[in-house]
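My notes follow the order in which I checked them.

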Amino acid sequence: IGRSPTNRKKMAVVTRGGKAALTRYRTRARFAGGAASLLECRLATGRTHQIRVHLAHIGHALLGDPLYGRTRKADPRVAAVAAGIGRQALHANTLGFVHPVSGEHLSFTRPPPADLAGLLTSLETLQKDPIPDR
């Protein structure tokens with residue numbers, strides 16, 4: 001990931017001049033015929049806007065992301081539901097790191113805030129699609 005060559009306000013997946021970045025993700029639920037999905041992302045690196053950049057790069061930007069979210073036309077039902085939260089649909093469920101002084105591994109977990117929990121409920125009412133076994 002490095003500075004976007006076409007928009008200096010954005011980061012992008014670049015072939016030269018960037019830093020290595022790895023985001024692993026798993027689809028937890030699909031909604032409205034695949035128009036929206038709930039993902040679990042695990043970061044091996046910590047680059048600026050990493051999740052947003054990687055998902056937009058593969059054509060699946062975060063709902064409500066004003067900077068990276070214009071990669072494809074959204075299902076109007078999903079767009080209407082997402083507009084209700086007024087922000088990007090991103091939540092850090094668990095954050096963990098090694099304390100720089102003590103060396104202790106620290107981990108913090110929080111449930112989704114009310115606006116994102118409401119978004120999930122609204123998406124489920126549109127249609128929750130099965131995820132095939134892997």
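These entries record what I looked up, one topic at a time.

**Model.** I am working from a predicted model.

**Helix α1.** I started with the helix that spans residues 50-57. How many residues of α1 are buried? I found seven of the eight buried, so α1 is largely enclosed by the rest of the structure. I listed the buried ones: Gln50, Ile51, Arg52, Val53, His54, Leu55 and Ala56. Next I looked for what covers them. The cover includes β2 (11-12), β3 and β4.

**Arg52.** Is Arg52 buried or exposed? Its relative accessibility is 11%, and the cut-off for buried is under 20%, so Arg52 counts as buried. I checked what its side chain meets. There is a polar contact between the side chains of Arg52 and Asp65, at 2.7 Å. I also looked up its contacts, leaving aside residues up to four places away in sequence. Arg52 touches Leu62, Asp65, Leu67, Tyr68 and Gln88.

I turned to the backbone. Most residues other than glycine have a negative phi.

Where does Ala32 lie? I placed Ala32 in the loop between β3 (23-31) and β4 (36-43). Ala32 is buried, with a relative accessible area of 6%.

His49 sits in the loop between β4 and α1. I read 28% relative accessibility for His49, which counts as partly exposed.

I also looked past the other end of the helix. Gly59 follows α1, and its phi is positive, near 85 degrees.

**Surface patch.** My last entry concerns the surface. Which residues make the nonpolar patch? I found Leu95, Phe97 and Phe108, with a patch area of about 300 Å². I followed up on Leu95. Leu95 belongs to strand β5, residues 94-98. Leu95 is exposed, with a relative accessible area of 52%; the cut-off for exposed is over 50%.

**Recap.** Leu95 is exposed and takes part in the nonpolar patch.

Definitions and conventions: Residues are numbered from 1 along each chain as its sequence is written. This is a predicted model: local features need pLDDT of at least 70, side-chain atom pairs count only at pLDDT 80 or more; totals for chains, interfaces and linings use all residues. Side-chain values use heavy atoms; hydrogens and water are left out. Helices (H or I, at least four residues) and strands (E, at least two) are DSSP runs, numbered from the N terminus. Buried means under 20% relative accessible area, exposed over 50%, partly exposed in between (1.4 Å probe, protein chains only). A polar contact is a pair of N or O atoms within 3.5 Å; within protein, one must be able to donate a hydrogen and the other to accept it, and residues adjacent in sequence count only if both atoms are side-chain atoms. Contact means heavy atoms within 4.5 Å. Patches are made of residues with over 30% relative accessible area and no salt bridge: like charges are joined within 9 Å, nonpolar side chains (Val, Leu, Ile, Met, Phe, Trp, Tyr) within 5 Å. Accessible areas come from the Shrake-Rupley method with a 1.4 Å probe; for residues, only the protein chains shown count as cover. A salt bridge is a side-chain nitrogen of Lys or Arg within 4 Å of a carboxyl oxygen of Asp or Glu.
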